[in-house]
Amino acid sequence: VVDKKTGTTVFTSPALLVNQDVRPGDPVIAVGSYLEMDKIKPGDYRLEVQARDSNQKVSPLRSTDLYVE
């Protein structure tokens, strides 16, 4: 989670192993995680997500806007 005003990373989740969630032939892996919202102050943020496989091949960075009240 990146603060949109300052560009500062305010939250980083640990890497998640999702091997058990892979379905052969399906390019999508559904993943869920918790954001520690009590540690994030109200404001505008950017949520960034990236995947890496066991061969260290990295997906494009995906992001979406996030507003915390």
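The legends below describe close-up views of a predicted model.

Local features are given at pLDDT of at least 70 and side-chain atom pairs at pLDDT 80 or more, while totals for chains, interfaces and linings use all residues. Residues are numbered from 1 along each chain as its sequence is written, and side-chain values use heavy atoms, with hydrogens and water left out.

**View A. Salt bridge between Lys4 and Asp65.** A salt bridge is counted when a side-chain nitrogen of Lys or Arg lies within 4 Å of a carboxyl oxygen of Asp or Glu; the count comes to four. In this one, the N to O distance between the side chains of Lys4 and Asp65 is 3.2 Å. Strands here are DSSP runs of E, at least two residues long, numbered from the N terminus. Lys4 is partly exposed, at 41% relative accessible area, and Asp65 is exposed, at 57%. Buried stands for under 20% relative accessible area, exposed for over 50%, and partly exposed for values in between (1.4 Å probe, protein chains only).

**View B. Salt bridge between Glu36 and Lys39.** The closest N and O atoms of Glu36 and Lys39 are 2.7 Å apart. Glu36 is partly exposed, with 32% relative accessibility, whereas Lys39 is exposed, with 57%. Side chains of opposite charge can pair when their charged atoms come close.

**View C. Salt bridge between Arg46 and Glu48.** The side chains of Arg46 and Glu48 meet at an N to O distance of 2.8 Å. Arg46 is partly exposed at 29% relative accessibility, and Glu48 is partly exposed at 32%.

**View E. Val28 in the loop between β1 and β2.** Val28 is exposed, with a relative accessibility of 51%. Its C-alpha atom is separated by 17 Å from that of Asn55, and Val28 and Asn55 are 27 residues apart along the chain.

Technical notes: Helices (H or I, at least four residues) and strands (E, at least two) are DSSP runs, numbered from the N terminus.
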